[in-house]
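Student: I am new to this structure, and I would like to go through it slowly with you, one question at a time.

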Amino acid sequence: MNLLAEQWFKQKDWQPYAFQQATWKHIAKGKSGLLNAPTGFGKTMAVWFGVLEHYYEKENYPLSDKRKKRKLHCLWITPLRALSKEIHSATNTVSDELGLDYRIGLRTGDTLASERKKQKATPPHALITTPESVHIILATKGYMDYFGELSIIVVDEWHELMGSKRGVLVELALSRLKALNPKLIIWGISATIGNLKEAKNILLGNVNTGVLVRADIDKKIEVHTILPDTLEKFPWAGHMGLSLAEKVLPLIRQGRSTLLFTNTRAQAEIWYHHLLSLSPELAGVMALHHGSLSQELRNWVEEALHDGILKLVVCTSSLDLGVDFRPVDTVIQVGSPKGIARFLQRAGRSGHQPGALSTIYFLPTHSLEIMEGASLKYAVSKKMVEDRIPFIRSFDILIQYLLTLAVSEGFNATIIFEEVIKTHCYQSISREEFDDCLLIILKGGKTLDAYDEFYKLEKVGEIYKVTDKRIALRHRLSIGTIVSDAMMQVKFLRGTYLGSIEEWFISRLKPGDTFWFSGRSLELVRVKHMQVLVRASQKKRGAIPSWMGGRFPISVNLGAALRHIFKEVHSPDEENKSLEVRFLAPLFDTQSRKSYLPKENELLIEYIQTKYGHHLFIYTFEGKFVHEGMAAVLAYRLSKIKPLTFSIATNEYGIELLSDETIPISDDILAALFSLQRLHEDIQHGINTTEMARRQFREIAGISGLVFKGYPKNQLKARHLQANAGLFFSVFEDYEKDNLLLRQAYDEVFTFQLEISRMYAAFQRIATHKIVLKTLKSLSPFSFPLFTESFRQKYSNEDWRSRIEKIKRQLEQDDYYH
Amino acid sequence: MTITIRGTEVLLLPQKAVFFPLKKILVIADMHIGKLVHFRRKGIFAPLRKTNEDLEMMLSLIRKFQPTEVVFLGDLFHSEINSECGHFIKTIEHFPEIRFTLTKGNHDIIPDALFKETGIEITDERLLDNHLVLRHQLPEKRHEEFFYIIGHIHPGYRFQGKGRQRYSLPCFHLTNHSLTLPAFGIHTGMAIPDFLNSDEIYVIMNEEIIRMPC
């Protein structure tokens, strides 16, 4: 038994859970591991008392430092600043209540430089921080000494980090720290995901076998779908869901505190605005929370939520994680949550107390989405939780990491190579590939030229170092994996900082224009450098900013759950149909009348000509992920018959191929479209991955240091170094096709966007289906959401020149001239 | 395509330049020579180009039109002097019969003295007859009687083709007081200006220039 924990739990009159005791025992034995427990059951304490015991058990070990000063004992990594703060205060409370001298420091992007200096001179016993901050410490001279006595690392919310490149930052930091202390104890804390074992192995590394501790506690979750009064007036398409806003008000009134989750920041702004106009008495007890608002504003909202002052917070994924908000008893999800894990996580934000019931309301934004309510319930009951797919072979982060080491202590290539290939991410890279990365920062790539003036890294003996102070500074400023567009700071004239907006949105506004941001109506006064100066406006109407990115595709599991519900639609057993399916009966009738309602073993294809061109709608119900790749393969196969350019839209239910010319369709052609023959080749050659890779390259260019965002407060000075990632992508495509980073962009497209293996399975399933082709006179309920989808991709096997020629011809037609 | 500005004939070229046939002046905007090499010098690993398409294009224009003067409307060099700039300077030394003029742009930070050695004349603006002024960008106070021929913006035109296909292409932008040239350098990007109804837009499509409705 853990003595400190025993005392503390007695003070609180609490009973420890079995998983907490198990974790203490494992840590006491010096074991590493992964703890899987739902939020609200004391998982922090399960690890924390292990940390404390480890420290006090060994308190009498001799200090290695002659100055008799303690060094850092524990590093606690979390994905969120807000969560870091929460852990910081919870662990400090333990030290206070038990009268311990164990000091805990906090270091995030917000920590002042003076505080960081203090932390470096006299380190706390434990430091709570983010993956980026750990790398910033690794980029500081003396990091080896600083981490010299580090004994325990805890990685909180590992499931969240693992599926992103921030997880790779953690893997790399661990590889270095393990080299400094081979006995390092590593613990991860994770919510339930499909691949927990893999999560453990990735965190601990293939050498370090550890234990998996699972808290067998079931969190009770209730899902309700908010239905419109009548189906007729409910829109067939749309992403906003405002028509059901009235239905939300009674839920807010009856609850203590409500979180209303939207999928995008723009949607959050719009909902905030709309609810306020519907129910003005909410002013003062309602707030907005999303990633572009200033930290002060978000801190205020989080504290007010804690204190139970707020009745409603409209938020995005910025409030998905961590922090306990005990007053929250109602959660509303607007639109598809796109994944079951995310939905569960959001549901878990209510009823945070152990044993309490979590209630979540699902608010569909268009009629077909009502079906998702039923599929979410099904998925929750079947515990269909997604896997988190880890990144592998991320050369962009490897390049960043090598530079990080080069700006602090310098590195020996052979030693670091041996370290990084022990991580999951880089276990398959060869020495040649590693050397290529090195060459990129040493010589600027493989192309050698007598005139070349590339300058970044130096080799002194066996050690690679950065000696140029400006390069070192630029590197420290760009550590991390979050790449955003040029952001402009929105400020009141008197100086209060509100948050940030992407440059392209502001560029469309003129002084005097009104726009909505952070829930207020603002008038643009002027733009100065990277600052947008505003004053409060009385105007009720104004543009609402939207932000790029944040577009989640629906998960494959949710796709499967959706197909399952579709079986139910045809079931003769009316009694056992879910509420949502029964409600949608008139919509399915309309679908049969205008087109056809496909059965389980049928594939429906609709063809229609509108003023936009010729549309082919294909309903494969595989989820958006698979549809994106499938659409490109189908477009390729069609354009082999006739050269065509398609604009492609996909959603959870199907695919739209839109062309300016007639699309050849006959039974033979359609059957060949889904044939398994030559499928492999058609996937390989057919998917025009260039556009996808170009988008993917944006992040890679940012992480690897190709695109420099500029110095804080001094944005203008870097002007001569500014270029967008698209330009670099084109130049690499033209001059250096075998570049590692370019290849990485394509690899990421194949693994994360196309999910090739799942696409295969989908083609195999569909090959057994009967194809039903309908030519429509007007759009069907199924086709409408696709028809109005504004996010589109392009597929073409016509070359750029002939495409331009075609536009020229179109221009010559009169109708273009309005 | 030939247009007339204040009684002067002006040839808009699909090579993203302008030629005054009477004066035999070739005008080129925003070449940004040495951009990629500048990046490399600052430790940003842009790939090296093996050929210099911009320079080749300029030479072919000189061969075709035989100008007596070439005016660069600013941002000739992306930043400090580097090897690519050196290559450019060596190349123009082969044309002693041509007068080269640069109207200084915001990117042109190379000291004037250095330019003098290269034989490129430096000025803020180059005045032609009929109150035509060649400059990098519009002056803070625009002179009513002047007509400005400028660069700086890198104008592009975005339009919607059939089947919801979208394209952006470089263009010449003509207003009642100015003509903005597209950027000549190929790795320079584009910006979409606010077009007024009274403006004229000449979009470059392959080897042709097409006038667009606003």
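Student: What distance separates the C-alpha atoms of A:K25 and A:G50?
Tutor: Along the chain, A:K25 and A:G50 are 25 residues apart. In the predicted coordinates, their C-alpha atoms are separated by 7.8 Å.

Student: Which strands are the edge strands of the sheet in chain B?
Tutor: The sheet is open and has seven strands in the order β1-β2-β3-β4-β5-β6-β7, with mixed pairing. An edge strand here pairs on one side only, and this holds for β1 (2-5) and β7 (120-123) of chain B.

Student: Which strands of the sheet does helix α2 of chain B touch?
Tutor: Helix α2 of chain B, residues 53-65, packs on the sheet, and its direction makes about 160° with that of β4(B). The strands that this helix touches are β3 (17-20) and β4 (25-28) of chain B.

Student: Which residue stands opposite B:E69?
Tutor: Strand β5 of chain B (residues 69-72) runs parallel to strand β6 of chain B (residues 99-103), and four bridges join the two. Within β6(B), the residue that stands opposite B:E69 is B:R99.

Terms used. Residues numbered from 1 in each chain as written. Chains lettered and ligands numbered in written order. Predicted model: local features only at pLDDT ≥ 70, side-chain atom pairs only at ≥ 80, totals over all residues. Pairing = 2+ DSSP bridges. Contact = placed C-beta atoms within 7 Å. Axes fitted to C-alpha atoms, helices over the stretch in contact; angles between N-to-C directions.
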